[in-house]
Amino acid sequence: MKLIKISTDLELSVHEFPEGSYAEQNKFLCGLIGNGCSTYEHVMARRLYTDFKVCDHPTKIQGECVSMLVDEEGRLKLNTVNMVGSYLYMTDVHGNPIMGNILLVGEAWGDDGIDFCGIEDGELERLAAELNTLVLRAKKEGSLS
């Protein structure tokens, strides 16, 4: 299963969700977010659910629910605003921007609670296509407001 990364320079890429222990997965995800990320924050970005119609609650089906991961300390660092992440997070409503690269990952109920995982394949293809349209609009218009 895969995840989606959207960088601050509006590049959308798809990556394999990492295998291994939680520590190994966390290290990989922080590295993919980049810019010295050592801890990521789990964000339920409202427009993922209202505009893109993805499931907003974890189920037993891996990757059916999708959420966003961001650098926990992104606002304290000299990062740039992530236009797509900020749009999904509704920054235009509350004024708190998403800084740095974002990851969109799946969630599922596991034996010990909620686990991050890759996004279900069909959902990944649909979501990546719709997000790519949003990325192209942001590149063309210079904003998503």
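I take buried to be under 20% relative accessible area, exposed to be over 50%, and partly exposed to be in between, with a 1.4 Å probe and protein chains only. The model is predicted, so I note that local features need pLDDT of at least 70 and side-chain atom pairs count only at pLDDT 80 or more, while totals for chains, interfaces and linings use all residues. Residues are numbered from 1 along each chain as its sequence is written, and side-chain values use heavy atoms, with hydrogens and water left out.

I looked up Asn35 in the loop between α1 and β3, where helices (H or I, at least four residues) and strands (E, at least two) are DSSP runs numbered from the N terminus. Asn35 is not a glycine, yet its phi is positive at about 55°, and with a relative accessible area of 48% it is partly exposed.
I then turned to Lys53, in the loop between α2 (46–50) and β4, which is a residue other than glycine with a positive phi near 55°; Lys53 counts as exposed, at 62% relative accessibility.

**Helix α1**

I checked the length of α1 (residues 22–33): its twelve residues, at 1.5 Å a residue, should span 16 Å, and its end C-alpha atoms are 16 Å apart, which agrees; the expected span is 1.5 Å times one less than the number of residues.
Which residues of α1 are buried? I find Gln25, Leu29, Cys30, Leu32 and Ile33. They cover an arc of only 160° around the axis, which puts them on the same side of α1, the arc being that of the directions from the helix axis to the C-beta atoms.
The exposed residues Ala23, Lys27 and Gly31 sit on the face turned away from that buried side. The cover over the buried residues of α1 includes β1, β2 (12–16), β3 (40–43), β4 (65–71) and β5 (102–110).

**Lys5**

I found Lys5 in strand β1 (residues 2–6). Lys5 is buried but has no salt bridge, and Asp9, the nearest side chain of opposite charge, is 7.7 Å away; a salt bridge needs a side-chain nitrogen of Lys or Arg within 4 Å of a carboxyl oxygen of Asp or Glu, and for charge Lys and Arg count as positive and Asp and Glu as negative, with His and the chain ends not counted.
What lies 3.0 Å from a polar atom of the Lys5 side chain? I see the backbone oxygen of Leu32 there, and Leu32 is itself among the buried residues of α1.
Leaving aside neighbours within four places in sequence, Lys5 is in contact (heavy atoms within 4.5 Å) with residues including Glu11, His15, Leu32 and Asn101.

How values were computed:
A polar contact is a pair of N or O atoms within 3.5 Å; within protein, one must be able to donate a hydrogen and the other to accept it, and residues adjacent in sequence count only if both atoms are side-chain atoms.
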